[in-house]
Amino acid sequence: MKMNVDDKLKILADAAKYDVSCASSGSNRKNKDKGLGNSSSMGICHSYSEDGRCISLLKLLLTNYCIYDCAYCVSRSSNDIQRAAFTVKEVVDLTINFYRRNYIEGLFLSSGIFKNADYTNERLIRVAKTLREEHNFHGYIHLKIIPGCSPEVMEEAGLYADRLSVNLEIPSEPSLQKIAPEKNHSSVYKPMNFLTDRIKLYNDEKKRFRSTPRFAPGGQSTQVVVGASPENDFDILKLADNLYNQQRLRRVYYSGYIPVSDDNRLPALKTPPLIRENRLYQADWLLRFYGFQVDEIVNHQYQHLDLKIDPKLAYALRNMHLFPVNVNLADKEMLLRIPGVGVKSVNMIIQARRYGRLNFEHLRKMGIAMNRAQYFIDVPGRPIARVVEDPFKIKSAVLSKDKNSQLTLF
Amino acid sequence: MIFIYDDTYEGFLSVIFEVYDIKTRPDEIHKKSHFQAGLFGETLEVNTDVERASRVINGLKKKLSARAINNLYRCWLSEIPQIEMVIFRYVAYALKSDKNIESNYAHPDVLEVKKVVKMIGREVHRMHAFVRFQKTKDEVYVATITPDFDVMALLPKHFKDRYQDQQWLIYDTKREYGIFYDLEKVSEIVLENAEWQGRNKVQRAVLDEGEDEYENLWKSYFKATTIVERTNIKLHLKHVPHRYWKYLPEKN
């Protein structure tokens, strides 16, 4: 039976949706010679699926045929599902026509592994190359790098894609061996480290020679599946921190495991661990934008993030001796540690206090989340009733007011 | 005194010049088209004077950054009732102050301007996100919008940068004007006898034959990419408020 594009789209978008990466930002590919598309540094979500996730890129598998049998994956070879494969032309045509109608920012292309890693990746690259060279397309392209891919193939991928990603999937080697016996961590780290070096090399060259081609200007990212294996939040955040510092990744995505099989190598989950996933993203934000060290958030003593409250509040409640913070005098680093105060509010505070002393009312009007911040700030006009120093009382007060505002980060 | 101007930004700047010229503080400032004469208050209709308007801008350049001056224009585009008075008080504060005041967020008008600029920025971003073109038989990609604020003037660069090789038209069906890119430049246009389908879409009769196909493929994609186990309609609605659904093929 010959399948039409609509049937393939249903199957291969459905299979690709478990990759949670959605960013279309951080690249700088400018339209030229009257081409199509432009990638600015700010990404755009063109829609949101009914699970609340950003739809920015056309996220597809080239095919869901796969020679591997990883227990967590819906496309695993032992799974009895309908298989399909796009032609290069079909993917190119969908991308161009969706982009022209302003449905998407570009393409995210992954694939099941057929034959071997290089063979698969070469097909993905062919799509990107056609878009760039035959259609003068400057929109965003994210290509998946299949573990085990050779340097020559990755080198070519980097010249056409904005972002590349190799997925770690399972956070530790022993767990990976158990769940996906055909894979191992070194087959992921090898390409990841190669790309890290390449990106740095091209960036350095670019500074010296303007004609140096761009190599994955949006950098690389990875995905870690959470809850399919026993690693705790300390393990996961340590891993992420290393990926940011050593591999210079732009993003680590956390994907709460969704049961896609009843394989007995996997835990029996009724619902995906969505709150845990949300807390990991909040902790990730603290690492990247708030200057926190991993062990301030989780450590040997506190190995799991508190599911009831956000990690910054949890940190503050464990470190009451650092609070209240004098909003008119404290340095930026400390302002960023006040629960309920975000990066933008901190910048507003620092600018505004140069004109005169700020009081409680000023902060409230600036939009600071006082339901949390009020317990941790020292500022003129703070109502006496808000002076509570017992962390347990603060936690229960915040929780009673906060009931409806959970899970709003994504 | 109630000042009236001709609906243009230059007209509004001319009012500011006039206020300083005749040394009379305004109680209210209104667009002519929005003003309904009340029982009380003396009114003064100010003629638009491009020369005077640019003198106001030049005066502000000595007190404010280019960005802050541009933000006042963005604020004015919000069409929020009485936004003119907020901008006027901001300008008066900037002019009389010895140092730059633009980040004194403890000042109510400075904070208000920042908030409105943020609202405008969000609306522009939503237009970047939610504009949906439909291809017509004559090869023009057409989209209709009805933004909360009059942000059309802030849209050309973004769409010109990304769609250089296709003709496109974005039309505000509420304010009845649009911008058209003819493969060379973007110009403002007003359509005579424009007949939209339900005001929000291009009439089916003028659409290209392939249009249905791509809309349907997009709907299929939208459905297939949702993870049912994670359904979170509340979050979905927060990101895609109901009032934008009319633009989106995936939502109707």
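Predicted model: local features only at pLDDT ≥ 70, side-chain atom pairs only at ≥ 80, totals over all residues.

Reader: At what angle do helix 4 and helix 6 of chain A pack?

Author: The angle is about 50°, and the axes of the two helices lie 11 Å apart. Angles from 65 to 115 degrees count as roughly perpendicular and those under 35 as roughly parallel; helix 4 and helix 6 of chain A are therefore oblique to each other. The crossing of helix 4 of chain A past helix 6 of chain A is right-handed. On the side of helix 4 of chain A, the contact is made by Pro151(A), Met154(A), Glu155(A) and Leu159(A). Helix 6 of chain A contributes Pro191(A), Phe194(A), Leu195(A), Arg198(A) and Tyr202(A).

Reader: How should I read the sheet, and in what order do its strands lie?

Author: In general, strands of a sheet pair through backbone hydrogen bonds, either parallel or antiparallel. Here six strands of chain A form an open sheet with parallel pairing, in the order 3-4-5-6-7-8. Strand 3 (57–61) and strand 8 (251–256) of chain A each have a single partner strand, so one side of each is left without a neighbour in the sheet. On average, neighbouring strands of this sheet are turned by 20° against each other, direction ignored. Helix 7 (residues 233–245) of chain A packs on the sheet, where it touches strand 7 (220–226) and strand 8 of chain A.

Reader: Is strand 4 of chain A mostly covered or mostly open?

Author: Strand 4 of chain A is mostly covered, as five of its five residues are buried. This strand (residues 106–110) pairs with strand 3 of chain A over five parallel bridges. Leu57(A) stands opposite Gly106(A), and Leu58(A) has Leu107(A) as its bridge partner. Strand 4 of chain A also pairs with strand 5 of chain A in the parallel sense, over four bridges, and Leu109(A) has Leu143(A) as its bridge partner there.

Reader: Which helix carries the chain from strand 4 to strand 5 of chain A?

Author: The chain crosses through helix 3 of chain A, and this β-α-β crossover is right-handed. Strand 3, helix 2 (residues 88–100) and strand 4 of chain A likewise make a right-handed β-α-β unit.

Terms used:
Residues numbered from 1 in each chain as written. Chains lettered and ligands numbered in written order. Heavy atoms only, no water. Pairing = 2+ DSSP bridges. Axes fitted to C-alpha atoms, helices over the stretch in contact; angles between N-to-C directions. Contact = heavy atoms within 4.5 Å. Buried < 20%, exposed > 50% of the residue type's maximum accessible area, 1.4 Å probe, protein only. Right-handed = clockwise from strand over helix to strand, strands pointing away. Parallel < 35°, antiparallel > 145°, perpendicular 65-115°, else oblique. Left-handed = near helix turned anticlockwise from the far one by under 90°.
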